[in-house]
Amino acid sequence: MALLHTPDFQNGFAAPNFTLNNVGGRQLSFDDVSGENGTVVAFICNHCPYVLAIIDRFVEDAKMLQTQGIGVVTIMSNDTARYPADSFENMIKFAQKHDFSFPYLIDESQKIAKAYDAVCTPDIFGFDGNGVLQYRGRLDSAGAHEADDHTVKEMVNAMHEIAQGDSPTQKQHPSMGCSIKWR
């Protein structure tokens, strides 16, 4: 398990489009999952301890953002031949176990992860309503630790500002996690 940090925020980066298979059984594009007030695209997987540490908080925050017109989508890009825990069948189970209210897509070719320059799981991107990157960072200040009363919900706070047409005012801290398992 190689610990990596996401690169700094890339000003003006436009969300690359995709058409990927969802655990729900249909193909979805960026337009299908985007929200009127912004979109969160998160690269995750089923087995990474950093994802496992935050997934329930991510799901809770995503559900709240979705009520505010912000789309949320997760993408799994790992090599499933070498990491069978991340297979499509296990993605379905993972999404059900954690009660995903958002799509969980498989990027079998790994082209989408490369287009986004995703490096680790979790790798979280926050786009405005026009599909322009405004946030790239971690879920919250707790990181892989348990959240407490002092935890700052960095992704949520940034997406609230983005939804109101503003740029995020908080410092964007890189996410950290396991490397994407490239072929």
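Mentor: One term to start with: a cavity is a set of grid points where a 1.4 Å probe fits but cannot get out, and its lining residues have an atom within 4 Å of a point. Keep in mind that this is a predicted model.
Trainee: Okay, how many cavities of 30 Å³ or more does the count come to?
Mentor: The count comes to one. The largest cavity has a volume of about 40 Å³.
Trainee: Which residues line the largest cavity?
Mentor: Its lining is made up of A42, I44, I54, I55, F58, P122 and I124. Helix α2, residues 49-66, gives the largest share of that lining, with three residues.
Trainee: Now the open side. How much space lies in the largest pocket?
Mentor: About 170 Å³. Around the largest pocket you'll find Y50, I54, P122, I124, R138, L139, D140, G143, A144, P174, S175 and M176.
Trainee: What classes are in the lining of the largest pocket?
Mentor: Eight nonpolar, two polar and two charged residues.
Trainee: Switching topic: where does S29 lie?
Mentor: S29 sits in strand β3, which covers residues 27-29.
Trainee: Why does S29 count as buried?
Mentor: Because its relative accessibility is 12%, and buried means under 20%.
Trainee: What is S29 in contact with, leaving aside neighbours within four places in sequence?
Mentor: With those set aside, S29 is in contact with N17, F18 and T19.

Methods. Residues numbered from 1 in each chain as written. Predicted model: local features only at pLDDT ≥ 70, side-chain atom pairs only at ≥ 80, totals over all residues. Heavy atoms only, no water. 1 Å grid on protein atoms, 1.4 Å probe; cavity = no way out; pocket = protein on both sides within 12 Å on 5 of 7 lines; lining within 4 Å. Points joined across faces, edges and corners; volume = space filled by probe spheres on them. Nonpolar A, V, L, I, M, F, W, Y, C, P; charged D, E, K, R; others polar. Helix = DSSP H or I, 4+ residues; strand = E, 2+ residues; numbered from the N terminus. Buried < 20%, exposed > 50% of the residue type's maximum accessible area, 1.4 Å probe, protein only. Contact = heavy atoms within 4.5 Å.
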